[in-house]
Amino acid sequence: MLGFTGGVSSFVIPVYVAEFTPKNFRGGFVILHVLMITVGASAAFLIGLITSWRTLALIGMIPNLVQIVGVLFIPESPRWLMMMGKNKEFEAALQCFRGGFVDISQEAADIRDSAETLDQIEKVSTLQLFQRKYAYAHTVGIGLSALGGLVGLNGIMFYAGSIFESAGFPVKVGTAAVAFFQMYVAFYPIGVGGGTCIIISEIYPLNIKGSAGSIAAVVSSLSSWIVSYAFNFSMEWSSSGTFFVMAGVCVFTLIFVAKLVPETKGRTLEEVHMTMSNAWQ
C-alpha cells in the first residue's frame with residue numbers, strides 16, 4: 001500500500017493537479033501538495049516518538065487506505081477525458097472544476113485544439129520516447145528528478161536520530177527537532193521539492209506524459225534510495241565531508257535550474273509543451 005500511495009503522491013497527484021488547475025494557480029496548488037507531504041512526514045516523526053515502529057507502520061496504513069479509496073471518487077482529468085474522445089464528460093468535468101457560473105468556452109476550445117493535434121501524432125512507444133524532440137524535456141525532467149533526491153534530504157531525515165546523537169543531543173530531542181525543523185525545511189517544498197513536482201507535471205506532452213513521467217519518478221526514487229543507502233557509510237567516512245558534498249549538489253542544482261529549466265508561470269500546458277518540443281530541434 002505504501003508503494004502504491006507513494007507512486008500516487010510522487011507523480012500522479014502533481015500531474016492530475018496540473019491538468020485541472022487554471023494556469024495562474026497551477027504552481028501554488030502543486031506546492032500545496034508537497035507541503036502536505038512535509039506536514040505528514042513531520043507528524044510521523046512525532047508519532048514515532050511515543051509509539052513502537054510496528055504501531056507506527058499500522059497507523060501509516062490509515063492514510064494509505066483513505067487515499068486508495070478516495071481516488072475512486074474524484075473527477076477524471078478534463079484533458080484526459082478529451083483525449084479519450086469523451087466530449088460531454090470533458091465539458092462537465094471542466095465546468096465542475098471551474099464552477100457552475102464560469103464561462104469555460106475559450107479554455108475548452110484550447111484544450112480541444114491541443115487534443116486534436118495530439119490525436120494526429122503517432123502513438124509513442126518506450127523506445128520512441130528518446131527522440132530528439134523530447135530530449136530537452138527528458139534532460140529537465142530526469143535531471144530535476146535525480147538532483148531532487150541527491151541533495152540529501154532523505155539521508156538527513158532517515159538518520160536524524162544518529163546525527164543528533166553524534167552531536168551530543170538525546171535521540172528523542174533530535175528527532176523532535178527534525179520534525180519541527182521540517183515545518184520547515186520550508187525551502188525544500190517551495191524549492192527543489194515542490195519545483196520538481198511542478199515542472200515534471202507540466203513539461204511532458206500528453207502523448208508521452210504517462211511513460212516519461214514514470215521514468216522520472218523511477219529516477220527520483222532511485223536517487224533517493226542511493227542517498228539513503230550510502231548516507232551512513234558516508235558519515236563514517238567523514239561527517240563534514242558528507243555535508244560538503246550535499247552542499248555541492250545543491251549549488252549544482254541551482255545552476256542546472258538557472259540554465260536549463262524553462263519558465264512556466266502564467267502559461268497554459270499547451271504553450272509549455274510547444275516550447276519543450278521545439279527547443280532543441
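Helices here (H or I, at least four residues) and strands (E, at least two) are DSSP runs, numbered from the N terminus. The model is a predicted one, where local features need pLDDT of at least 70, side-chain atom pairs count only at pLDDT 80 or more, and totals for chains, interfaces and linings use all residues. Residues are numbered from 1 along each chain as its sequence is written, and side-chain values use heavy atoms, with hydrogens and water left out.

**View A. A nonpolar surface patch draws mostly on helix H13.** Here Leu150, Leu222, Trp225, Ile226, Tyr229 and Phe233 make a patch of about 640 Å². Areas come from the Shrake-Rupley method with a 1.4 Å probe, and for residues only the protein chains shown count as cover. Helix H13 (residues 209-237) supplies 5 residues, while Leu150 sits in helix H7 (residues 135-150).

**View B. A negative surface patch brings together Asp110, Asp113, Glu116 and Glu271.** Asp and Glu count as negative, Lys and Arg as positive, with His and the chain ends not counted; each charge is placed at NZ of Lys, CZ of Arg, CG of Asp or CD of Glu. Helix H6 (residues 105-119) gives the most, 3 residues, and Glu271 belongs to helix H15 (residues 269-278).

**View C. Helix H2 (residues 26-50) spans 38 Å from its first C-alpha to its last.** That is close to the 36 Å expected for its 25 residues at 1.5 Å a residue, taken as 1.5 Å times one less than the number of residues. Its buried residues (under 20% relative accessible area) are Arg26, Val30, His33, Val34, Thr38, Ser42 and Phe45.

Technical notes. Patches are made of residues with over 30% relative accessible area and no salt bridge: like charges are joined within 9 Å, nonpolar side chains (Val, Leu, Ile, Met, Phe, Trp, Tyr) within 5 Å. A salt bridge is a side-chain nitrogen of Lys or Arg within 4 Å of a carboxyl oxygen of Asp or Glu. Buried means under 20% relative accessible area, exposed over 50%, partly exposed in between (1.4 Å probe, protein chains only).
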